[in-house]
Amino acid sequence: MKKHYLILLMICGVLLTAGPVAAQDAVELKLAHFIPSTHIQHQKTFLPFAQNVEKLSGGKVKIKIYPAGTLGGAVQLPDAVKTGIADIALIFPSMTSGRFPRFSAYDLPFLFDNPQQAIQVAYDLYERWFAEDFKDYKLLWIYCTDMGQLYSVDKPILTMEDFKGMKLRSPSASMSDALKRLGANPVGMPITEMHMALAKHVIDGALTPNTVVADFKLYDQIKHITQTDFYISIMAVVMNKKKYEALSPAAKQAIDNAAGKSWGLHATGVYDDYSRETVNQLRTSGNVKIHDMAPDERKKIRNQLAGMESDWIRQNSEKGIPAREMMDAIHMALIHISEPTRLLSTSYAVFCLKKNI
């Protein structure tokens with residue numbers, strides 16, 4: 001009888017401990033970003049990601065999204081996710097100057113030809129060159145905006161001379177530097193203030209992606225778009241490292257499967273498709289004139305800004321970052337992506353030898 005009683009106690013103990021363990025398998029994570037819930041990335045990237053994680057985890061992992069800066073703006077979110085205020089957050093490196101020095105290479109003008117190319121390079125070089133920027137986080141995915149273009153109210157920007165004296169909203173410190181070198185007066189301001197600033201002629205225009213114009217309804221103020229593919233802005237979605245490591249293997253697997261490179265390319269494609277739709281709609285409306293800058297003028301601008309890359313290398317080398325090697329790796333990756341079957345020419349082989357590639 002005593003033996004049976006002990007067995008019964010053991011069974012009860014197992015049942016009592018099984019309940020809390022099963023309950024711990026269920027978790028709700030907080031995902032924070034600074035864009036409105038009507039934004040295309042919220043609708044087509046963040047919401048589907050949360051749904052995919054819940055589905056892949058069998059309902060055990062739920063993600064609650066806090067949009068529009070509820071848990072912090074673009075500047076605060078890197079710390080918000082690091083300290084656990086948010087479990088997952090969208091990080092915009094160019095808006096947090098100095099926090100992600102390696103990724104600041106992406107702020108340079110005319111470095112990439114298109115968004116997919118930029119993301120491919122980011123993933124190809126991530127472990128060797130970019131991972132140090134995210135050592136305090138679990139990286140979920142990287143993505144980027146559509147290419148930045150020139151917008152103006154009264155006159156189009158068609159030549160390098162047209163920049164002189166114009167007050168243009170700048171999206172980052174690097175682009176402010178670029179605009180100054182071109183003779184413009186860069187103005188830093190939140191995207192949410194652009195509509196009023198354009199209407200009151202506080203600024204003459206902006207350097208921004210097409211999707212920003214659509215998302216923030218700026219097309220009733222803008223009269224000219226000059227397509228230059230000036231720059232690109234890269235972003236990352238990261239998770240609190242301790243929170244991720246504390247999850248069950250199944251929960252981790254669900255998150256990993258829903259995130260990653262494929263989701264980064266998806267998010268980038270969402271922006272790129274939306275950009276094309278926006279331009280097509282503006283062309284159809286006839287209210288905005290769309291200009292393509294002449295190749296020789298674009299070349300003049302690129303030459304004027306060429307020193308920004310060497311300055312970036314010098315400034316980051318002083319911080320102990322192997323910036324020259326990193327920039328060479330980016331250029332080599334770009335060659336590999338654009339010309340994957342290219343045979344080594346003599347000049348190309350010399351380049352490789354010089355850079356020890």
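Guide: Start with α4 and α14, which meet in a right-handed crossing. Keep in mind that this is a predicted model.

Visitor: Where are those two helices in the chain, and at what angle do they pack?

Guide: Helix α4 covers residues 115-124 and helix α14 covers residues 323-338. They pack at an angle of about 120°, and their axes are 10 Å apart.

Visitor: What do you call that, oblique or roughly perpendicular?

Guide: Oblique. Roughly perpendicular stops at 115 degrees, and α4 and α14 pack at about 120°, so they count as oblique to each other.

Visitor: Which residues meet there?

Guide: From α4, Gln117, Gln120, Val121 and Asp124. From α14, Ile330, Ala333, Leu334 and Ile337. The residues of that contact divide into 5 nonpolar, 2 polar and 1 charged.

Visitor: Why might residues three or four places apart point the same way?

Guide: An α-helix has 3.6 residues a turn, so residues with that spacing point the same way.

Visitor: Switching to α2. How many residues, and how far does α2 reach?

Guide: Helix α2 runs over residues 40-56, which is 17 residues. From first C-alpha to last, α2 reaches 23 Å, close to the 24 Å expected at 1.5 Å a residue.

Visitor: Which α2 residues are buried?

Guide: Ile40, Gln41, His42, Thr45, Phe46, Pro48, Phe49, Ala50 and Val53.

Visitor: What follows α2?

Guide: Gly58 follows α2, and the phi of Gly58 is positive, near 65°.

Visitor: Now the threonines. Is Thr145 buried or exposed?

Guide: Buried. Thr145 has 5% relative accessibility, and the cut-off for buried is under 20%. Thr145 sits in the loop between β4 (137-144) and β5 (148-152).

Visitor: What does Thr145 touch, skipping residues up to four places away in sequence?

Guide: Pro115, Pro209, Ile232, Ser233, Met235 and Tyr271.

Visitor: And where is Thr228?

Guide: Thr228 lies in strand β9, residues 224-231. Thr228 counts as buried too, at 1% relative accessibility. Leaving aside neighbours within four places in sequence, its contacts are Phe110, Gly148, Gln149, Leu150, Met293 and Arg298.

Visitor: Last one, the whole protein. How many helices and strands?

Guide: The secondary structure comes to 15 helices and 11 strands. Of the 357 residues, 50% are buried.

Visitor: What share of contacts links residues 24 or more positions apart?

Guide: They account for 75% of the contacts with a separation of 6 or more.

Notes: Residues numbered from 1 in each chain as written. Predicted model: local features only at pLDDT ≥ 70, side-chain atom pairs only at ≥ 80, totals over all residues. Heavy atoms only, no water. Axes fitted to C-alpha atoms, helices over the stretch in contact; angles between N-to-C directions. Helix = DSSP H or I, 4+ residues; strand = E, 2+ residues; numbered from the N terminus. Parallel < 35°, antiparallel > 145°, perpendicular 65-115°, else oblique. Left-handed = near helix turned anticlockwise from the far one by under 90°. Contact = heavy atoms within 4.5 Å. Nonpolar A, V, L, I, M, F, W, Y, C, P; charged D, E, K, R; others polar. Expected span 1.5 Å × (residues − 1). Buried < 20%, exposed > 50% of the residue type's maximum accessible area, 1.4 Å probe, protein only.
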